[in-house]
Amino acid sequence: MRNYTLSALTNFTDKNDESIKYIAGQEINVKEERALELLASSTPVVRFISRDEDDNSNKFGELNSQIATLTETIEQLTHKNGKLEAEKVKLSETVDALTLEKSSLEGQITTLTEEFKKTIKKEETKK
């Protein structure tokens, strides 16, 4: 609901709350429903000065802006996630290749160690 700014044309008392008294020339800020009541009065007591934009349109604009920002962020993160997934696959392949190479080297070390031990035994038996 919009807020209206009105100006009192004469001194008058608010019919909804008799403790509120308006003075001619005083600016009055009220919600749309009350503003329309005052403006429709059979005896003119106020004149229209201005009204705020509809609160909901401002909220919708802000929400649409937030949605656009969040959508852009999601798109950026999705793109980044795709790159990271590709990098993860490459790193996983590298780890697999290194693990295979490690196993191969361990096998070679074991073979060489056994051959070395046999050679040492042969040398010791020759002595």
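**View A. F48, a partly exposed ring in a predicted model.** In this predicted model, F48 has 41% relative accessibility. That value falls between the cut-offs of 20% and 50%, so F48 counts as partly exposed. F48 sits in strand 5, residues 46-51.

**View B. Y4 and F48 form an edge-to-face pair.** The structure holds 2 aromatic pairs, and Y4 with F48 is one of them. A pair of aromatic rings is described by the distance of the centres and the angle of the planes. For Y4 and F48, the centres are 5.9 Å apart. An angle over 60 degrees counts as edge-to-face. The pair links distant parts of the chain: Y4 belongs to strand 1 (residues 3-8), F48 to strand 5, and 44 residues separate them. Y4 counts as buried because its relative accessibility is 5%, and buried means under 20%.

**View C. F12 and Y22 form a tilted pair.** Here the ring centres lie 4.9 Å apart. The angle between the planes is 35°. F12 comes from strand 2 (residues 12-13), and Y22 comes from strand 3 (residues 21-22). The two residues are 10 apart in the chain, and this pair also links distant parts of it. Are F12 and Y22 buried or exposed? Both are buried.

**View D. H79, an exposed residue in helix 2.** Helix 2 spans residues 55-126, and H79 lies within it. H79 counts as exposed because its relative accessibility is 52%, and the cut-off is over 50%.

Methods:
Residues numbered from 1 in each chain as written. Predicted model: local features only at pLDDT ≥ 70, side-chain atom pairs only at ≥ 80, totals over all residues. Heavy atoms only, no water. Helix = DSSP H or I, 4+ residues; strand = E, 2+ residues; numbered from the N terminus. Buried < 20%, exposed > 50% of the residue type's maximum accessible area, 1.4 Å probe, protein only. Phe/Tyr/Trp six-rings, centres within 6.5 Å; stacked < 30°, edge-to-face > 60°.
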